[in-house]
Amino acid sequence: MEVGASQQRMAAFLRDNHDKVVGSWSELVAAGLRGRTSPQEVRRELEDLYSLIIRDLSGTDENAAGELRAVLDELSRNRARDGFTPSETALSVFSLKEAVYELVAEAADLVPEYLAFSRVVDDLGLRTFEAFSAAREQIITDQATSMMELSTPVVRLWDGIIAVPLVGTLDSARTQLVMEKLLETLVASGADHAVIDITGVPTVDTEVAQHLLKTVSAARLLGAECTISGIRPQVAQTIVSLGIEFGDIATKATLADALALALKHAGLKVVPA
Amino acid sequence: MDQVPILKIGQTLFVSIQIDLQDESVMLLQEDLAAELAATAATGVIIDITAVEIVDSFIGRMLATIGSISRLFDAETVIVGMRPAVAITLTELGLSLNGVRTALNAEKGLALLNGRD
Amino acid sequence: MDELPIQSGDDVVRVRQHVRNAAASNGLSLVDQTKLVTAASELARNTLIHGGGGVARVEVVKSANGRTGVKLHFADDGPGIADVDLALTDGWTSGTGLGLGLSGSRRLVDEFELKSEPGAGTSVVVVKWSR
């Protein structure tokens, strides 16, 4: 049986039995939501959804599919915001099958059409689940970005000397952010010396070292000299055992040592007052 | 093909690259600079790339080559005004521009050249 | 999708500008725009010089999770690359090799696919996604 014709028969059936099906569906959904939404609200939501589903099935309206998707996504978001689980939202959609089945079983007609219809409703229900996941993913990504921004300050230590105290692991995403902020600050402040402090970086392996070398390389292209400070004794041993070479980049144990070196390069001296 | 003008101020040659250069123009600049260095006994070259949005390996190599050529004439080259996005991209490309010095702007570049005595 | 010829140095400049516009109007950050255009410059030049001329196709694409990206396809009917693996190797600190264009470009983009055989031309497809 042609899909188009089957769906159209189903659409006609849904139209003819509108009140019974929507009524049944609303009851099932309200029961599933355990009274957290009023029956009238539920019925209103479902009425909209129902007409869109009929329009989509009858295949006469090109925009119906897009509108249906948009309404489902909206429903998903609202339910998530109101504290419902994605399963509860999906079940609301799935229970349309049950509402329709009651009538189809009675009439013992339209069974093949029902099967095709059932699959369509399954897809719709799954869609609400996907929308929920996608919204969650976006929140997580946004939070991760905020965290990275917050933990990458660039501070001015003295005229022409800036410092980047790194805290946490240095992966490639973080390195990109560090490079961008460091270089922008170099341009804005006109600094010619940058100290990259890694006291707060828990492990320095070959990958982290490569990221550091990249960052120094980029800063040098802007004419800035760099010093890496905060090399803890354990880290020093790891670096040597891994055979990592920092070449001509000055490295110091503490930020204070690095500042002293930078001041010396700037031709400055700290003397008692 | 566009010819990039070379200014001489004191002992320094100034080049400011303002537009998206085509490969032939890049080669022409290299030749022109070599000729100027030979003719004027300039001791420094400042190449201002503040307006340059893209530096690929070809232009990068040109800059490094100019550095080598000027050294043959006992002159030093300083590249100034590299944009952060360009610096990050060059680093990712793996071009380190060894042999040329860099500075944030022409003023600092000049200070660098004059300080070398 | 836009198709641009690569038959001269001016064409390479045009490709750069076209890619720059596509990247800027599709949500790529400034650094990502710069990386994509630089990669395009390398690949376009390869197409012109090693491939004997060819074509560049610029397309805006959408990922499964809704992100927008810019996809570039460089194709030529040139001599092809005999040893693809060799052409793609290099340590990031060695900045002088001729093969830097290909391996370097790969680092600048999110997706990179190279197909080439001696006598059968070369095709490079790259994608850069917005974040």
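How many helices and how many strands are there in chain C? Chain C has four helices and five strands, where helices (H or I, at least four residues) and strands (E, at least two) are DSSP runs numbered from the N terminus.

The views show a predicted model, in which local features need pLDDT of at least 70, side-chain atom pairs count only at pLDDT 80 or more, and totals for chains, interfaces and linings use all residues. Residues are numbered from 1 along each chain as its sequence is written, and chains are lettered from A and ligands numbered from 1 in the order in which they are written.

**Figure 1. Overall fold of chain C.** Along the sequence, the elements of chain C follow the pattern β-α-α-β-β-α-α-β-β. The radius of gyration of chain C is 14 Å, close to the 14 Å of the globule rule for 131 residues, so chain C is as compact as a globular protein of that length. The radius is taken over C-alpha atoms, and the rule is 2.2 Å times the number of residues to the power 0.38. Along the principal axes, the C-alpha atoms of chain C fill a box of roughly 40 × 30 × 25 Å. Of its 131 residues, 40% count as buried (20 or more other C-beta atoms within 10 Å of the residue's own; exposed means 12 or fewer, partly exposed in between; C-beta atoms are placed from the backbone).

**Figure 2. The loop at Ser8(C).** Ser8(C) is located in the loop between β1 (2-6) and α1 of chain C. This residue counts as partly exposed because it has 14 C-beta neighbours inside 10 Å. The C-alpha atoms of Ser8(C) and Leu48(C) are separated by 7.0 Å, although the two residues are 40 residues apart along the chain.

Figure 3. Strand β4 (residues 111-116) and strand β5 (residues 122-129) of chain C run antiparallel and are joined by six bridges; strands pair if DSSP finds at least two bridges between them. Five residues lie between the two strands of the hairpin, and Gly119(C) in the turn has a positive phi of about 85°.

**Figure 4. The contact between chains C and B.** Chain C contributes 25 residues and chain B 18 residues, with two residues in contact if their C-beta atoms, placed from the backbone, lie within 7 Å. On the side of chain C that touches chain B, α1 (9-24), α2 (30-49) and α4 (100-108) of chain C each supply at least two residues. The most come from α2(C), with nine residues. By class, this side of chain C has eight nonpolar, ten polar and seven charged residues (Ala, Val, Leu, Ile, Met, Phe, Trp, Tyr, Cys and Pro count as nonpolar, Asp, Glu, Lys and Arg as charged, and the others, Gly among them, as polar).

**Figure 5. The open sheet of chain B.** Five strands of chain B form this sheet in the order β1-β2-β3-β4-β5, with mixed pairing. β1 (6-9) and β5 (101-103) of chain B stand at the edges with a single partner strand each, so one side of each has no neighbour in the sheet. Strand β4 (residues 76-80) of chain B pairs with β5(B) in the parallel sense over three bridges. Within β5(B), Arg101(B) is the bridge partner of Val78(B).
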